[in-house]
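Open the model in a viewer with a cartoon and a selection panel ready. The tour goes from one selection to the next.

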Amino acid sequence: MTLTSPVDTTLTWTDGGRGVAGQAVEFATAPGGPYTLLSYVPAGQHTYHHPDLMPQTPFYYRLRPYYGPASRAVDVDLPAGGPGKQDKRDDNVWAEPRTVHGRSKVSTRSLHVPGEGAPTGLTATVMQANGIKFTWTDHARDEQGYLLEDRARGSARYRVVAVLAPDIDSFGLSTLPDEKHASYRVRAFYYGKRSRTVHVTTGRAPDGQ
């Protein structure tokens, strides 16, 4: 870890190993926590920049790898503009995370077996100019949750845009302006062992405070 300015840090790490889908980056201001999740960083990215920290404060960081297969991606093109008047009056019930399909009618596999348990049948339904409802079939029996990931057109990597509980198979996303044209996929995941903790104390703020 490097203190790149008195109040900015950059974490770097080596490859997470075979089968790692990404790393969850966590931080705390005391060695025993509580730790706060900063970001899910995809495999292939080995740095994370944490800017504008509190000056003269200790910071503790750790990584937690996550594993699990993703569904096939679906491409979504949203209409121009924002939500209409009716959309704003909508209670957006469609967006609530829920379990619709259940597990009794599909086979399930352990995510700890490589290549098993991937979600299938991902569908994306445009509900509003900035709203998409996703549904999929759950094939995992030991997931710790689901990650909805997107890759905006022209971007190189997917990023995590929603973290969902186990067994969820329907969720609605309110999109950002840069998500009008994007690919989406959903990943069943479980966490690996946390890394050791690294520590740094920030300096004075640039204005001398």
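Select β1 and strand β2 (residues 8-12): the two run antiparallel and are joined by 3 bridges. Strands here are DSSP runs of E of at least two residues, helices are runs of H or I of at least four, and both are numbered from the N terminus. Two strands are called paired if DSSP finds at least two bridges between them. Within this pair, Ser5 stands opposite Asp8 in β2.

This is a predicted model, in which local features need pLDDT of at least 70 and side-chain atom pairs count only at pLDDT 80 or more, while totals for chains, interfaces and linings use all residues. Residues are numbered from 1 along each chain as its sequence is written, and side-chain values use heavy atoms, with hydrogens and water left out.

Next, select strand β6 (residues 58-67), which contains Tyr66. Tyr66 counts as buried because its relative accessibility is 1%. Draw a distance from Tyr66 to Lys193: they are 127 residues apart in sequence and 8.8 Å apart in space, C-alpha to C-alpha.

- Strand β3 (residues 20-28) runs antiparallel to β6 and is joined to it by 8 bridges; Val20 stands opposite Tyr67.
- Strand β14 (residues 198-201) pairs with β6 in the antiparallel sense over 4 bridges, with Phe59 opposite Val200.
- β13 pairs with β6 in the antiparallel sense over 2 bridges, and the bridge partner of Tyr67 there is Tyr190.

From strand β13 (residues 181-191), move to β7, which pairs with β13 in the antiparallel sense over 4 bridges. The bridge partner of Asp77 in β13 is His181.

Now select β8, β9 and β12. They form an open sheet of 3 strands in the order β8-β9-β12, with antiparallel pairing. The edges are β8 (120-128) and β12 (170-174), each with a single partner strand, so one side of each is left without a neighbour in the sheet. The twist averages 20° from one strand to the next. β8 pairs with strand β9 (residues 131-137) over 6 bridges in the antiparallel sense, and Gln128 has Gly131 in β9 as its bridge partner.

Finally, zoom out to the whole protein chain. The secondary structure comes to 1 helix and 14 strands, and the C-alpha trace spans about 55 × 45 × 30 Å along its principal axes. Of the 209 residues, 42% count as buried. Among contacts (heavy atoms within 4.5 Å) between residues at least 6 apart in sequence, 75% join residues at least 24 apart.

Note on methods
Buried < 20%, exposed > 50% of the residue type's maximum accessible area, 1.4 Å probe, protein only. Axes fitted to C-alpha atoms, helices over the stretch in contact; angles between N-to-C directions.
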